[in-house]
Amino acid sequence: MKAPALAFTLSLLMPAAAHAAMPASDVIGQAIDGFIRPAYGDLAARTASLEQSVEALCRSPSQDALDTARAGFGLAAQGWSKVELITFGPIRADNRLERMLFWPDRKSIGLKQVQAALANKDPDAADATKIAGKSVAMQGFGALEYVLFGTDSDALVTADSAYRCTFGAAVAGNIATVSAEVRDAWNQTDGFAAIWGNPGPDNPVYRNGSEAVTELMGVFINGLEMVRDVRLRGFLGLRPEKDRPKQALYWRSQGTTASLAANLEGLGGLFRASHLADALSPDARWIAESIEVQLANGAEAARSVNGPMEEVLADPARREKLDYLGTVTSSLSNLFGVRLSGEFGLTAGFSSLDGD
C-alpha cells in the first residue's frame, strides 16, 4: 500500500476565517501530548502484561492461565486498535506497522506460515531473539491470535503444547518490544514528534503548517475509510448472503467488534486532544458536536455486538447494528472530509486505499 497522495491546502494558522486562529504547531503538539504519547504508553503497558501472561502460561499450563493470556490478548489488541490508524511516524520504521498486524491478509499468508511453524516446530519462530527476523506475517497480533485461539489451542492447558506456547511467547514478546520502541520514539524530545510539531522552511518533512495539519486530518479521513471499507465491509456484505464471517479481523478471539469500537474511540480521543473544534466559528461548532456524538454512537453500537461472528451475522438485530456502524462511518467521513475540511478551507480529495 503506497502512502496517501494528500490533496489539502492549509495556511500556517488554523484558519484565517475561523473564530479563533490557532497555530498549526499548537494543534500538532496537543495531539501528540494529549493522545498519541499516552495511548502508546498504554499500549506498551498492555503488551508487556500480555507477554508476561503468555510466559506464565508456558511455565504453568492451566485453564486459568490460558484464560488470563486470552484476556490479555483482547486488552492489548484493543490498545493497538486505538492507535493503529496513525500510520505515520515511528510506526513506519523497520516495518513496525506490518509487524504489529499484517492485515488484510487476503491470501492467508500469515495463517499458512504460522501453521507451518507449528507443524514443523521451527526453532527460530519460538526464539524471542530471532522472530523479529522472520516474516512480518508471523510477528504480530494475527499470529498470536491463532496460537491462543486457533485450531488445537485448547491444548495449551497441558505441557503437550510446549512448542506452541513458546512460539506464542516469542510473538507476544515481539509485540511488546515493538510497542515499547514506538512509545520511546514518540517520547524523544528530538525525534519525530519534534519534526511534526515544528513545521517550517528548514523542516525536512513538514515545510509549513499546512503539511503538518494535513497529516493529522489524514488520520481521520483515511482511518474512517479503513474502518468502513476494509475492516467492516471486508466481512459484512451488502446482503446477508454476501457475509463472510471468517474474513473478519479477530474473529477467532471474538474481538472483531471490540476492535472496531476501539478504532472509533481512538479517533475520538485524537480529535478531542487536538482541539480542532476550538478553531471553528460559533456557527460551525455543530460539526464538532456531531463528530463527537457519532463517534460515540458508533463505538457504542460496535461494543454492543458480542459473540461468534457467524452467530452475530445470523442474528438480524445484531447485524443491523453493524449496518448502522457502516452508516455512521460514512456520515463521519462527510463531516471530516467535507464539512470540517470546508470550514478550514481544505480540499479533501485523497484516499490511502486507492493505490494512487
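Helices (H or I, at least four residues) and strands (E, at least two) are DSSP runs, numbered from the N terminus. The model described here is a predicted one, in which local features need pLDDT of at least 70 and side-chain atom pairs count only at pLDDT 80 or more, while totals for chains, interfaces and linings use all residues. Residues are numbered from 1 along each chain as its sequence is written, and side-chain values use heavy atoms, with hydrogens and water left out.

With those terms in hand, one can start with the overall fold. The protein holds twelve helices and two strands, and along the sequence they follow the pattern β-β-α-α-α-α-α-α-α-α-α-α-α-α. Its radius of gyration (taken over C-alpha atoms) is 21 Å, close to the 21 Å that the globule rule (2.2 Å times the number of residues to the power 0.38) gives for 356 residues, so the protein is as compact as a globular protein of that length. Along its principal axes, the C-alpha trace spans about 65 × 50 × 35 Å.

The accessible surface, computed by the Shrake-Rupley method with a 1.4 Å probe, where for residues only the protein chains shown count as cover, comes to about 15300 Å², of which 50% belongs to carbon and sulfur atoms. If a contact means heavy atoms within 4.5 Å, then among contacts between residues at least 6 apart in sequence, 76% join residues at least 24 apart.

Leu-43, in helix 1, gives a view of the interior, because at 0% relative accessibility Leu-43 counts as buried. Leaving aside residues up to four places away in sequence, Leu-43 touches Ala-76, Gly-79, Trp-80, Val-83, Met-100 and Ser-179.

The link of Cys-58 and Cys-165 is left-handed, with -100° about the S-S bond. Its two ends can be described in turn: Cys-58 is partly exposed, with a relative accessible area of 27%, whereas Cys-165 is buried, with a relative accessible area of 5%.

Finally, some details of the backbone deserve attention. Most residues other than glycine have a negative phi, and most peptide bonds are trans. Asp-94, in the loop between helix 2 (63-83) and helix 3, has a positive phi of about 55° although it is not a glycine, and at 53% relative accessibility Asp-94 counts as exposed. Gln-254, which lies in the loop between helix 8 (209-232) and helix 9 (256-274), has a positive phi of about 60° and is not a glycine either; at 45% relative accessibility, Gln-254 counts as partly exposed. A cis peptide bond, with omega about 0°, joins Trp-103 and Pro-104, and Pro-104 lies in the loop between helix 3 (96-100) and helix 4 (109-120).

Note on methods:
A disulfide is a pair of cysteine sulfur atoms within 2.5 Å. Buried means under 20% relative accessible area, exposed over 50%, partly exposed in between (1.4 Å probe, protein chains only).
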